[in-house]
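Here's a walk through one model, starting from a charged side chain and moving on to the pocket and the packing. Have the viewer open as you read.

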Amino acid sequence: MGFGLPAAIGAKLANPQIPVVAIVVDGGFQMNVQELATAVINGLPIIICLLNNCWLGNIRQWQELYYGKRYQSTCLRRRSTCPKQCSTMQDCPAYVPDFQKLADSYDIRHKRIMNKEDIDDAFVFAMQQTDTPTLLEFMITEEENVYPIILPGKDLSTVKFGKE
């Protein structure tokens with residue numbers, strides 16, 4: 001968690017002629033987001049695919065599957081003024097951070113992809129950038145789960161490959 005951006009920077013520095021794509025999630029990306037400065041300073045045209053569901057998704061998934069949806073400290077829209085038990089994202093405050101503003105602050109290109117139909121154009125745009133990173137922010141559903149997953153307190157022999 002948090003390794004995607006630094007790994008992409010290293011891969012691009014080691015192989016400058018090969019396209020490099022980092023696939024990161026919103027929570028993990030923020031663990032090393034300051035490395036955008038390294039990518040900008042070195043003029044690295046890496047493509048960062050940010051999967052944004054407005055949650056710390058892996059932890060939320062565990063809370064959904066194993067703790068009866070008793071969500072705690074995983075919603076990145078939550079504020080102290082929110083109701084104790086929130087069940088809808090309808091009236092939530094804005095997500096923190098605004099990745100468009102973050103990209104602007106680093107002077108990198110950004111596209112927010114809301115629909116599957118826009119994916120091809122976003123990658124064409126990203127591939128046209130030759131001296132700066134591009135942040136492609138894919139908005140995904142709040143309750144999108146990631147598989148495979150290891151069961152709590154278990155070893156690799158208990159890997160779960162989906163909702164079974």
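Start with Asp98, which counts as partly exposed because its relative accessibility is 30% (buried means under 20% relative accessible area, exposed over 50%, partly exposed in between, with a 1.4 Å probe and protein chains only). Before going further, a note on the ground rules: this is a predicted model, where local features need pLDDT of at least 70, side-chain atom pairs count only at pLDDT 80 or more, and totals for chains, interfaces and linings use all residues. Residues are numbered from 1 along each chain as its sequence is written, and side-chain values use heavy atoms, with hydrogens and water left out.

So who does Asp98 pair with? Its side chain meets that of Arg112 in a salt bridge, at 3.7 Å from N to O (that is, a side-chain nitrogen of Lys or Arg within 4 Å of a carboxyl oxygen of Asp or Glu). Asp98 sits in the loop between α4 and α5, while Arg112 is in strand β3 (residues 109-113), 14 residues away; helices (H or I, at least four residues) and strands (E, at least two) are DSSP runs, numbered from the N terminus. Arg112 is partly exposed too, at 42% relative accessibility.

Arg112 has another partner: Glu137, with the closest N and O atoms 3.0 Å apart. Glu137 belongs to strand β4 (residues 134-139), so this pair ties together parts that are 25 residues apart in sequence. Glu137 is buried, with a relative accessible area of 1%. Through shared partners, Asp98, Arg112 and Glu137 end up in one network, and the structure holds 2 salt bridges.

Now for the packing. Back in the sequence, Ile46 is in contact (heavy atoms within 4.5 Å) with residues including Leu5, Ala39 and Pro133, leaving aside neighbours within four places.

Finally, look for the largest pocket, which is lined by 29 residues, with Met1, Val25, Gly57, Asn58 and Val146 nearest its centre. A pocket here is an open set of points on a 1 Å grid over the protein atoms alone, where a 1.4 Å probe fits, with protein on both sides within 12 Å along at least five of seven lines; lining residues have an atom within 4 Å of a point. The largest share of that lining, 5 residues, comes from α4.
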